[in-house]
Amino acid sequence: MEVSLEDDCVVVLWMLEYGLELLMHTMCVSSNSMLQSNNRETFRFPRSLYNCETLETLKLRAWVLVDVPSQACLKSLRTLHLRYVDYKDHSSFPNLLSVPSLRTLTIYDYNDGQDFVGYVINAPLKYLNIRGFKSLNCCLIENAPELVEANIDNVSKITNEKLLVSLTLAKRLSLALSPLELVYLELSTHKAQWRNLLLLMLDSSPKLQVLKLISVSISNSKIRRVTGSMSNQDLENADRISELPEALILLILCLLPMKVAIATSLLSKQWRYLWKLMPKLKFDYLDHKRQLGTFSSNVCSTLVSHMSPVLQSLYLIVHQERCNAKDIGILLGIALGLHVHELVLEVRSREVYKFPRSLFIVNTLRTLKLRYNVHMDVPSLVRFKSLRNLHLHYVEYRDHNSVINLFGGCPNLKTLTVHRYSHSSVKTFTISVPSLERLSIYNSNGGQVDWGYAINAPSLKLLKIKGICGLGFCLIENVMELVEASIIDVSSISNENLLGSLTSVKRLSLRISPLKVTFPTGSIFDQLVYLELHAYKEAWWNLLTLMLDRSPKLKTLKLINKWHCEKEYVGRGEWKQPENVPKCFWFLLETFIWKGYKWQREDEKQVAKYVLKNAINLKRAIISSKRIKPKERVEVVKDLKSVVRASNFCQLIFK
């Protein structure tokens, strides 16, 4: 039934009297009744309903304003779902959670943190689901000793990083997170298995700067921090870090600046030689005195004192005003003598450093990263038998033969990353590596007509090319095993072989304009099942039409818009519906995703409606748009739902 907003309270109260489930999604829905609001503004949940003693499940979704009184009484509430809900003030959320019977809590929130501080969840939960928290000050879970299961998805950039630490009692934990952006970690050491949690946090926090371990003593059933004046017994209890396994202590030392790590040798006899066993060493010339030779002397003495049988990683950041070329060569030689597995050399001085020709025969090196002002004059005899990863960041080469010799001496190379300036002296950069599986090329804009790339990699599986502009050619051949490719900001290439050489790829991401790249005539992407296309480049819809027409096995189509791309977006003409429906629309296309859908643009509305009208086997259409007001959201959803979809079982989701 449909009723006006004035009748809401009467109907909802009737539902609650019988303990039915209440679901609001711009409307109130139960299994037997429907309450639909004709008002498109935010709906204020009636305050009188917070005293319903029979309600067991409450689900609030979208445009619902929660204003919970301090005397709320939901005695039977066990399940609470809050999806994109707004709160009148800071007390409404804790008042809503002050239910002793609450066991399941689900929160979806895509707030960007500008107008919202965070969450403090204090409830005797057993099941917790959190999704979409970002840029908040805090998210703390308290008083949940019986927590059985927690699911944390897409949570990032939280200033107070106690979220995971507060979940240590959970028996089942599901995490869908990127590596944490932690810079400060504080961890209590009185919890069981706290070492395992510490190891997990260290391993997933590459930006960590401060680690604080808090030891506690338990007396009279009260937990207190060990601070202030302490007895010898207190001091012994407080030194919990020394009880850690040596491997974990060494991992912690590797996160510290080298000077601080060496200074730990003064703590006790146990710590005297630990720094000499560190598997990873990093030296920055800025951490040493300005006098020439001081940096090289300090690094040399540290390397000579190293006691570990294998040095996993050495990172050198040098400036030739502090460390001359001869000393740099000596340091590299010592490191290779220690069987270093990963060597990173970053030269920040204007003067070019010539990489020693004698160091091209190394059998133990697995990863080599050279950055900035490094010049390579590669001899014909090169032996990097164990080298798996090679990163060349704006490295200069003596000639074309140096490039050929370098790659020819790496028979087991798997990953190659190349950054190049547009004015490089090597005009044809040839990459011919039979074992290569992952290749990334980043190029500064601009180039010459006779300047480009030639790639021959029969084992290549992942390819990324970014920033190539105004070149004569980019030839890619013999890549029949290619699985995934990304072509980003590539334009004005005379030769059309770039896209034509990728016809065997299975997943393809394109951020290019069809007006600036020649599309290969007659090419069919007969293995392509996933296509990602950035929908803000000039005449992007023409590229979409071409790709759909040439991709008969496509299953997933994803369109992406940027929100700050008005200068890049240039409308030219209008999108024209294809004369024939693409073959992939007949049977195979199952998923259509549009991230950043701009509902104001007519071309984007036409494309979205065309897909919905013609994709016969479409199962999911997920369209998301940011910075959209509630009124506009209703209009957009209404417009999309008005389309007669070719697929009877297509689920339309608007975020």
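Modeller: A search of the whole structure finds 19 salt bridges, a salt bridge being a side-chain nitrogen of Lys or Arg within 4 Å of a carboxyl oxygen of Asp or Glu. This is a predicted model, in which local features need pLDDT of at least 70 and side-chain atom pairs count only at pLDDT 80 or more, while totals for chains, interfaces and linings use all residues. Residues are numbered from 1 along each chain as its sequence is written, and side-chain values use heavy atoms, with hydrogens and water left out.

One of these bridges joins the side chains of Glu346 and Arg371, at 3.5 Å from N to O. The pair links distant parts of the chain, 25 residues apart, with Glu346 in strand β21 and Arg371 in strand β23; strands (E, at least two residues) and helices (H or I, at least four) are DSSP runs, numbered from the N terminus. Glu346 has a relative accessible area of 5% and is therefore buried. Buried means under 20% relative accessible area, exposed over 50%, and partly exposed in between, with a 1.4 Å probe and protein chains only.

Arg357 and Asp377 form another salt bridge, their closest N and O atoms being 3.2 Å apart. This pair also links distant parts of the chain, 20 residues apart: Arg357 lies in the loop between β22 (353-354) and β23, and Asp377 in the loop between β24 (374-376) and β25 (389-393). Arg357 is partly exposed, with a relative accessible area of 45%, and Asp377 is partly exposed at 24%.

In the salt bridge between Arg507 and Glu484, the closest N and O atoms are 3.8 Å apart. Arg507 belongs to strand β34 (residues 507-511) and Glu484 to strand β33 (residues 484-488), and the pair links distant parts of the chain, 23 residues apart. Both are partly exposed: Arg507 has a relative accessible area of 34%, and Glu484 has 31%.

Salt bridges that share partners also join Arg44, Arg47, Asp67 and Lys88 into one network. Arg44 stands opposite Leu65 in β6. Strand β6 (residues 64-66) pairs with β4 in the parallel sense over two bridges, where pairing requires that DSSP finds at least two bridges between the strands. Both strands belong to an open sheet of three strands in the order β4-β6-β8, with parallel pairing. β4 (43-44) and β8 (86-87) stand at the edges with a single partner strand each, so one side of each is left without a neighbour in the sheet.
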